Amino acid sequence: MQRLICIIYGLVSLIMLFPAELRGQTPRKVKLTIPVVALSMTPVYLAQAKNFFTEEGLDVDVTSTGGGGPDIRALIAGEVDFSFTTGDNVILAYQEGKPLVMVASALNRLFINWAIHKESAKAKGITETSSLQQKLKALKGLTVGVTNPAALTSHLAHFVIRKAGYNPQQDVQVIPIGAGPTWLAALENRKVDVALTAPPVPETAISRGFAMMFIDNTKGEDPAISEFLMENLIVRPETLKNDADLVRRMVRALIKANKWAASSTPEQIAEALRPTFAKTDPAIHLAGVRAVLPTLSQDGRTTEKSVQATQDVLEQAGLLKKRVAYGDIVSNEFLPK
């Protein structure tokens, strides 16, 4: 009997070590925005699929806003608790007097590719093996599709167009075409000549036979952009002050997801993500998973190099008024020790 009491006491003590949300109470509901349904959201999808959010006592409601911009605005307005999105919008929000903080870098390399309609490529004399300089020169007179005017796709488009020596909306038109199906439809029907977004959407257009790769950033075709604020967990400053434990649990769940991915095969990861990408051809899906793996950060740390590189893009795109100090928009203190 005494032994049984000791066992029960030990189990109760062990349970009490966990947060209240993990002791049989209702998980805490959390609202999170993401810009698009794409493989760049892999840490979030894996945290859901492998129950890492649940392990942290969280019930996370994920909403896609169909492009960057609305996701951040919802966070600023206090409509959601977190946003998982690109860091360029944090920099732009800060310079408008709306400070936000990046507490974890989940993807620290650029994960956006460009596809061009085959007829547009043929008219410009461009092939997949053309040099980057030749491709950039061919942009004149074309229409480029981005997901949203405030999204990273738009910022990158303006950056590349200016790097090519052209003026956006004068020499090269830039228009929003949304994400996923609307992105594909716009390129297939030649509403745009070229479009850019996260894999596997460009690769899907290529697999359907109406497009070819224009700029493959996942393979480092543009060396000017390497380390980058690709996907980050972002919060309002008051959340850091008033709910630090919630921030730590969200960060832990995403880092667990990335570590699980690092110890798993591409096939295992693809299988875990299949519910989200059920309509994507399995071969294209697996190729996209292989492409995203090198971009997943294992420690979640946001580096000064990535902040500076992202500001370089915004500056060349004509969107940066003044450089933002690293410490004003980044906190690594919530990362697992």
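The radius of gyration, which is taken over C-alpha atoms, can be set beside a globule rule of 2.2 Å times the number of residues to the power 0.38.

**View 1. The whole protein, a predicted model.** With 337 residues, a compact globule would have a radius of gyration near 20 Å, and the protein, at 21 Å, agrees with this. Along its principal axes, the C-alpha trace spans about 85 × 45 × 30 Å. The protein has 16 helices and 10 strands, where helices (H or I, at least four residues) and strands (E, at least two) are DSSP runs numbered from the N terminus. Of the 337 residues, 53% count as buried; buried means under 20% relative accessible area, exposed means over 50%, and partly exposed lies in between, with a 1.4 Å probe and protein chains only. Among contacts (heavy atoms within 4.5 Å) between residues at least 6 apart in sequence, 79% join residues at least 24 apart.

Residues are numbered from 1 along each chain as its sequence is written, and side-chain values use heavy atoms, with hydrogens and water left out. Because this is a predicted model, local features need pLDDT of at least 70 and side-chain atom pairs count only at pLDDT 80 or more, while totals for chains, interfaces and linings use all residues.

**View 2. An open sheet of five strands.** The order of the strands is β2-β1-β3-β10-β4, with mixed pairing, and two strands are said to pair if DSSP finds at least two bridges between them. At the edges stand β2 (58–64) and β4 (101–109), each of which pairs on one side only. Neighbouring strands of this sheet are turned by 25° against each other on average, direction ignored; axes are lines fitted to C-alpha atoms, for helices over the stretch in contact, and angles run from 0 to 180 degrees between N-to-C directions.

**View 3. Strand β1 beside β2, with helix α2.** Strand β1 (residues 28–34) pairs with β2 in the parallel sense over seven bridges, and Lys29 stands opposite Asp59 in β2. Helix α2 (residues 42–49) packs on the sheet, where it touches β1, β2, β3 (82–85) and β4, and its direction makes about 140° with that of β2.

View 4. Helix α5 (residues 88–95) is mostly covered, since six of its eight residues are buried, namely Asp88, Asn89, Val90, Ile91, Leu92 and Ala93. After α5 comes Gly97, whose phi is positive, near 80°.

**View 5. Backbone angles at Asn51 and Gln169.** Most residues other than glycine have a negative phi, and most peptide bonds are trans. Asn51, although not a glycine, has a positive phi of about 65°; this residue is found in the loop between α2 and α3 (52–55) and is partly exposed, with a relative accessible area of 42%. Gln169 is likewise not a glycine and has a positive phi of about 75°; Gln169 is found in the loop between α8 (152–163) and β7 (173–176), where its relative accessible area of 39% makes it partly exposed.

**View 6. The cis peptide bond from Pro199 to Pro200.** For this bond, omega is near 10°. Pro200 has its place in the loop between β8 (194–197) and α10 (201–207).
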